[in-house]
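Welcome! Take a moment to look over the sequence and the 3D model below, then follow the briefing topic by topic.

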Amino acid sequence: PIRVAILISGRGSNMQALAETVAAEGLPVEICTVLSNRADAAGLDWARARGLPAEALAHRDFASREAFDAALQARLDALAPDYILLAGFMRVLGADFVRHFDGRIVNIHPSLLPAFPGLHTHQQALAQGVQWHGCTVHFVTPVLDHGPIIAQGAIPVQADDTPDTLAARLLPVEHQVYTQTLRWLAQRRVRLGADGRVAVADIPHRAWAG
Ligand code: GAR
């Protein structure tokens, strides 16, 4: 099996979808930790109730971003995950951390990248007037929200959408795209190539419409 660490900051619905898919489908995936940078993340309670290893590494306990990154790196090195899956993890990881785990960090971002990196993506999409919105699963590189794209899911924008309605309609598509990515990783059918591009085996399309 592949070992995965899932990093969260809050609710953890993507983490839950990943963990439920592993259990329901018997995927060859070992979740070696669910780790939050906030001790009060609701997702940690869910993980503990499910018997998953869950822990907090509170960024507030560290004097600097570098110190937090170093502690997180040391903890993850001890667990030796094949992949680190960012699932609503709301801390920016520094370039040293990202290079250390080169090709092994995957993130889900709630927009059709390269549109709308950063925060408040649903608000950005509505302000821009785009008619399709979506989510992107990508390998993490040192440039925030700019890594090579593994898969995307899209939803049409409706005339009366608000940031909240858009987010709610996108969420199940996020779960679908991230769980499919985990299947591919477990089957070793997707990886970050030496040329910095995503390399796939027998995957005809990596796009969904919700
Ligand atoms: C998800 O919508 C995810 O795409 C987003 O946070 C939410 C977490 O929800 N991630 C980011 O904004 C990353 N910058 P969840 O905790 O229920 O998975």
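## A first look at the model

Arg188 sits in the loop between α6 and β8 (190-192); here helices (H or I, at least four residues) and strands (E, at least two) are DSSP runs, numbered from the N terminus. This is a predicted model, in which local features need pLDDT of at least 70 and side-chain atom pairs count only at pLDDT 80 or more, while totals for chains, interfaces and linings use all residues. Residues are numbered from 1 along each chain as its sequence is written, and side-chain values use heavy atoms, with hydrogens and water left out.

**Backbone details in the loops**

- Although Arg188 is not a glycine, its phi is positive, at about 55 degrees.
- Arg188 counts as exposed because its relative accessibility is 57%; buried means under 20% relative accessible area, exposed over 50%, and partly exposed in between (1.4 Å probe, protein chains only).
- Phe116 is not a glycine either, yet it has a positive phi of about 60 degrees.
- You can find Phe116 in the loop between β5 and α5, and it counts as buried because its relative accessibility is 11%.
- Pro114 also has its place in the loop between β5 and α5.
- The peptide bond that joins Leu113 and Pro114 is cis, with omega at about 10 degrees.

**What the UniProt record says**

- The annotation "domain: Formyl transferase N-terminal", from an unreviewed UniProt entry, covers residues 3-182; UniProt positions are given in the numbering used here, feature names are shortened, and annotations may be inferred rather than shown by experiment.
- Under "binding site", the unreviewed UniProt entry lists Arg65 and Asn107.
- From this set, Arg65 and Asn107 are both part of the lining of the largest pocket.
- Arg65 belongs to helix α3 (residues 65-79), and it is partly exposed because its relative accessible area is 39%.

**The largest pocket**

- Rolling a probe the size of a water molecule over the atoms shows where empty space is left.
- The search uses a 1 Å grid over the protein atoms alone: a cavity is a set of points where a 1.4 Å probe fits but cannot get out, a pocket is an open set with protein on both sides within 12 Å along at least five of seven lines, and lining residues have an atom within 4 Å of a point.
- The volume of the largest pocket is about 960 Å³; grid points are joined across faces, edges and corners, and a volume is the space filled by probe spheres set on the points.
- Its lining has 37 residues, and Gly88, Phe89, Met90, Ile108 and Pro110 are the ones nearest the centre of the largest pocket.
- At least two lining residues come from each of α1 (13-25), β5 (105-109), α5 (121-128) and α6 (163-186).
- With four residues, α6 supplies the largest share of this lining.
- Sorted by class, the lining holds 17 nonpolar, 15 polar and five charged residues (Ala, Val, Leu, Ile, Met, Phe, Trp, Tyr, Cys and Pro count as nonpolar, Asp, Glu, Lys and Arg as charged, and the others, Gly among them, as polar).

**Salt bridges**

- Side chains of opposite charge can pair when their charged atoms come close.
- The model has eight salt bridges, each being a side-chain nitrogen of Lys or Arg within 4 Å of a carboxyl oxygen of Asp or Glu.
- One of them is between Glu25 and Arg183, at 2.8 Å from N to O.
- This pair links distant parts of the chain, with Glu25 in helix α1 and Arg183 in helix α6, 158 residues apart.
- Glu25 is partly exposed at 42% relative accessibility, whereas Arg183 is buried at 18%.
- Arg99 and Asp96 form another salt bridge, at 3.7 Å from N to O.
- Arg99 and Asp96 are three residues apart in helix α4 (residues 95-100), so about one helical turn separates them.
- Arg99 is exposed at 54% relative accessibility, and Asp96 is exposed at 62%.
- Asp40 and Arg38 also form a salt bridge, their closest N and O atoms being 3.8 Å apart.
- Asp40 is exposed, with a relative accessible area of 62%, while Arg38 is partly exposed at 31%.

**Cysteines**

- How many disulfides does a search of the whole structure find? The search finds zero, a disulfide being a pair of cysteine sulfur atoms within 2.5 Å.
- Cys32 is buried at 9% relative accessibility, and Cys135 is buried at 0%.
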